[in-house]
Amino acid sequence: MKIVSILGSGSADSLTRHGVLVVADQVRAAGLEFGLIDLREDYRSLHDVTEYAAPPEGSQTARLRAGLANASGVILATPVYHGTFSGLLKNALDHLTVEAFVQMPVGLLAAGGGARGAAVACDQMRTVVRALNGWSTPTHVSLTNDDVTEAGPTDDLRQRVADMVSELKDFAMARAHRA
Ligand SMILES: Cc1cc2nc3c(=O)[nH]c(=O)nc-3n(C[C@H](O)[C@H](O)[C@H](O)COP(=O)(O)O)c2cc1C
């Protein structure tokens, strides 16, 4: 069972990336496979809507959709920019069809200057997940610089991520049993 995280930060030295590293650890600790779609690396072009219905082989649209094809769950990870999630992440989600997340659990993680802004960004991602027919986990993870010290991510952050991953796994297992 594979969980794919979509990393929506354009920064090299990124707090969101630190959060995703914790996600990777906790997904693997839960006995699941982890995959990463790093939007900064390979997916920076604007969505080409002419490719939407029939994406050419090798196009950004085709590659993004293929990256999610075998996922049992997804974790969206974003920095908070001006009170919401990043344009880089929204651009990636615009490449997907409305069936992208059908019956799929979707975890949410946002990194902000403050925890309240990050929580709002997670709530806004819920709206988009619903439009893509996904099931967002009740628990989301908001993180700030206080969650990642020079010694690494705090135990508190690790536990919050583990709680979200646990919900994600439960949803994914329930779906697998129904199939
Ligand atoms: C253009 C811009 C807008 C931002 N707006 C907010 C905001 O509205 N609320 C907030 O809490 N932090 C805001 N921040 C701070 C970032 O969310 C914070 O620096 C976060 O760590 C960025 O994630 P990253 O390190 O993964 O890029 C903003 C940063 C930038 C560059």
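This is a predicted model: local features need pLDDT of at least 70, side-chain atom pairs count only at pLDDT 80 or more; totals for chains, interfaces and linings use all residues.
A residue is termed buried if 20 or more other C-beta atoms lie within 10 Å of its own, exposed if 12 or fewer do, and partly exposed in between, with C-beta atoms placed from the backbone. Residues are numbered from 1 along each chain as its sequence is written.

The protein chain contains 6 helices and 8 strands, where helices (H or I, at least four residues) and strands (E, at least two) are DSSP runs numbered from the N terminus. Along the sequence these elements follow the pattern β-α-β-α-α-β-α-β-α-β-β-β-β-α. The radius of gyration of the protein chain, taken over C-alpha atoms, is 15 Å, close to the 16 Å that the globule rule (2.2 Å times the number of residues to the power 0.38) gives for 179 residues, so the chain is as compact as a globular protein of that length. Its C-alpha atoms fill a box of roughly 45 × 40 × 25 Å along the principal axes. Of the 179 residues, 39% are buried. Two residues are in contact if their C-beta atoms lie within 7 Å; among contacts between residues at least 6 apart in sequence, 79% join residues at least 24 apart.

In helix α3 (residues 60-68), the buried residues are Q60, T61 and L64. They cover an arc of only 100° around the axis, which puts them on the same side of α3; the arc is that of the directions from the helix axis to the C-beta atoms. These buried residues pack against β2 (33-38) and α4 (87-94). Helix α6 (residues 155-178) has 24 residues and reaches 35 Å from its first C-alpha to its last, close to the expected 34 Å, a span calculated as 1.5 Å times one less than the number of residues. The buried residues of α6 include L157, V161, F171 and A172, as well as R160 and K169.

The loop between α4 and β4 (105-111) holds V102. This residue, V102, counts as exposed because it has 12 C-beta neighbours inside 10 Å. The C-alpha atoms of V102 and V129 are separated by 9.6 Å, the two residues being 27 apart along the chain.
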